[in-house]
Amino acid sequence: MFHSIRWRIALPYVTLLLVTMLALGVYISNFVRQSYLNDMESKLASEARMIGDVITPDLVSAGASPNLDPQAKHWDEILNARVTIIAPDGTVWGESEQDRATMNNHSDRPEVIQALATGEGSSIRYSQTLGVNMMYTAITVLKNNAPMALVRTALPLQQVSANIASLQRVLIAVTALVTAIAILLAVIIAGRITRPVRSLTQSAWRLASSDPVVQPIPPSRDEIGQLAQVFNIMSTRLSGQIDDLETERITLDTVLQKMTDGVLIVDEQGRVQLVNPAAIKMFSISLPVAIGKPLIEVVRHHQPEEMWQRCRATGEAQRVDFEVGHRLSLQGIATSLGPTMSGSTLLLFQDLTNQRQTEAMRRDFISNVSHELRTPLAALKALTETLQAGALEDPPAAHRFLEQMETEVDSLSLMVNELLELSRIESGRVPLNLASTPPLDIVTPAVDRLRLQAERAGLTLSVECTEDLPLVLADATRVQQVVVNLLHNAIKFTPSGGVVTVNVTRQDREVRFAISDTGIGIAAEDLPRIFERFYKVDRSRATSGTGLGLAIARHLVDAHGGKIWAESEVGKGSTFYFTIPLA
Ligand code: ADP
């Protein structure tokens, strides 16, 4: 408490006041006591002198050892003071308050010795006889300039002490009162002076503990007021800057959290300083705390580590393409962060899997299409050459060749149509003729179209469809195309002896079509991708097809507001489902 400025200002003043009051008290009580004693001494001396004058005749008439007790007692009653009459040799001749017989020679009393030497003496002593402090005053009674006797008057000092004590009590009370008032005033004044300092301190504390609400300090015109004003300006600016920094930090943090690119920052020793959620996902980082760990331990791939080392050695941006986990194609870019964050390197990882897959798909598509086109074109070329070489002269053979040529041209135009169809559907240029249609009107024509093909492939094709199914809102031709595509695949991917089933059931507000086969099945990792354009599980082109059938089917089902999906188990078969809403 006494460390505060308020007390440091108040204490010296209070101490000074206290010391002054005490010194004054001591001085006043000593002064008053001395005046009392002086008064008393001169009063006693004059009384003694008066007694001396009055008793001189008695002394002259008295013998060698007179009894002057009666005179002493008489004066004691008048003056109310002890009176002793002493011979020059110290023998007590008269005494007012004591038995003279018990009193010894008084020649050794200081007042007596002094009076014999100078005519008057006084002393303050403790009286053995009366047991109190007394003031004694003695004078000599002269005869022919020689001491004839000594008259001593004495009074106890009790009254003086009592007066002094009461004076001291008053002084102490006044001192205490003044001190209390002084302390109160000092504390109030010092408190007023230091109030702005205290608000300043509180505000500074709030600022230090990042409390956003900093109350402005009331201004005053003194030095502290100026300091407060400067502090107010400073704190406003500081909180503004803190707010800006916080907003910036939150923005940066949100960007880092939300961005799909992986971000890592490594220090000069290759220890990870920052890692964002995308990077954690890309590298399947399972460390509870990746911060502070070596890069290689965190990403567990040598390419990022080597890229970082190259960047650190050359100071130039480095790039690396690599794969992690299950077919995740990443591109890493390392950039030095100096001089802002000297020695640190920013590692950015972009997921290029989709891009790479699309590129691969395009490549596959072009080679697939070329392959698919080459076969009928080669056949057409061979047939044309054969006709030119003379087969034209043989009308039955020419007729056969022409039929074959027609088949090849049909297959070519089918493929071109499929491509055109997909591009039209994808660009939304296919209008749907929606009408209330019985599901059987969709399934039956499609199954009829492929029944022969299924029989040729040695498969059993069956339809499970009840007559009482509700109508669906569909463009029958388009939905038939979906069923044909799915049936076509089922037949294509099911070995001879298998079974292909078409099942149609009602489900809430829609009808579900299921085309199942007992064929080769599709691996779990391919299943989510088979509806993509040009995607083929078997990339060796051993099976015919462009990878467009399912993409077309998906677009058509989507356009009807339905869903399409597949379930499959490798070696056991697949089931393709799609739904069409009720009419
Ligand atoms: P494609 O013209 O190659 O048949 P699709 O888009 O119809 O193109 O099918 C894409 C790929 O999905 C096929 O190449 C095949 O690998 C796989 N697939 C589709 N249906 C089946 C099925 N019933 N059984 C096994 N694999 C299938």
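How far apart should the ends of helix 8 (residues 302-314) be at 1.5 Å a residue, and what span does the model show? With 13 residues, helix 8 should span 18 Å, and its end C-alpha atoms are 18 Å apart, which agrees. The expected span here is 1.5 Å times one less than the number of residues. Helices (H or I, at least four residues) and strands (E, at least two) are DSSP runs, numbered from the N terminus.

Before I continue, a word on the basis of these values. This is a predicted model, in which local features need pLDDT of at least 70 and side-chain atom pairs count only at pLDDT 80 or more, while totals for chains, interfaces and linings use all residues. Residues are numbered from 1 along each chain as its sequence is written, and side-chain values use heavy atoms, with hydrogens and water left out.

Let me stay with helix 8. Its buried residues are Gln303, Pro304, Glu305, Met307, Trp308 and Cys311. Buried means under 20% relative accessible area, exposed over 50%, and partly exposed in between, with a 1.4 Å probe and protein chains only. These buried residues pack against strand 6 (262-266), helix 7 (295-299), strand 8, strand 9 (328-336) and strand 10 (345-351). After the helix comes Gly315, whose phi is positive, near 75°.

Strand 8 (residues 318-324) contains Gln318. Is Gln318 buried or exposed? Gln318 counts as buried because its relative accessible area is 15%. Its side chain and that of Thr314 are joined by a polar contact of 3.2 Å. A polar contact is a pair of N or O atoms within 3.5 Å; within protein, one must be able to donate a hydrogen and the other to accept it, and residues adjacent in sequence count only if both atoms are side-chain atoms. A polar atom of the Gln318 side chain also lies 3.4 Å from the backbone oxygen of Glu316. Leaving aside residues up to four places away in sequence, Gln318 touches Met307, Arg310, Cys311, Gly332, Ile333 and Ala334, where contact means heavy atoms within 4.5 Å.

I turn now to the ligand. Which residues are closest to the ligand? Of the 20 residues that surround the ligand, the closest are Asn489, Lys492, Asp517, Gly547 and Leu550; a residue is counted if one of its heavy atoms lies within 4 Å. The side chain of Asn489 places an N or O atom 2.7 Å from an oxygen atom of the ligand. For Asp517, a side-chain N or O atom is 2.8 Å from a nitrogen atom of the ligand. Val537 takes part through its backbone, with an N or O atom 3.2 Å from a ligand oxygen atom. Taken alone, the ligand exposes 530 Å², and the protein buries 96% of that.

Helix 12 (476-492), helix 13 (549-559) and strand 17 (573-581) each supply at least two residues of this shell. Helix 12 gives the most, with 3 residues.

Finally, helix 10 (residues 395-426) has 32 residues and reaches 46 Å from its first C-alpha to its last, close to the 46 Å expected. Its buried residues include Phe401, Met405, Leu412 and Met415. Among the elements that cover the buried residues of helix 10 are helix 9 (353-388), helix 12 and helix 13. Helix 12 and helix 13 also supply residues to the shell around the ligand. Helix 10 is followed by Gly428, whose phi is positive, near 70°.

How values were computed: Areas by Shrake-Rupley, 256 points an atom, 1.4 Å probe, with all protein chains shown as cover.
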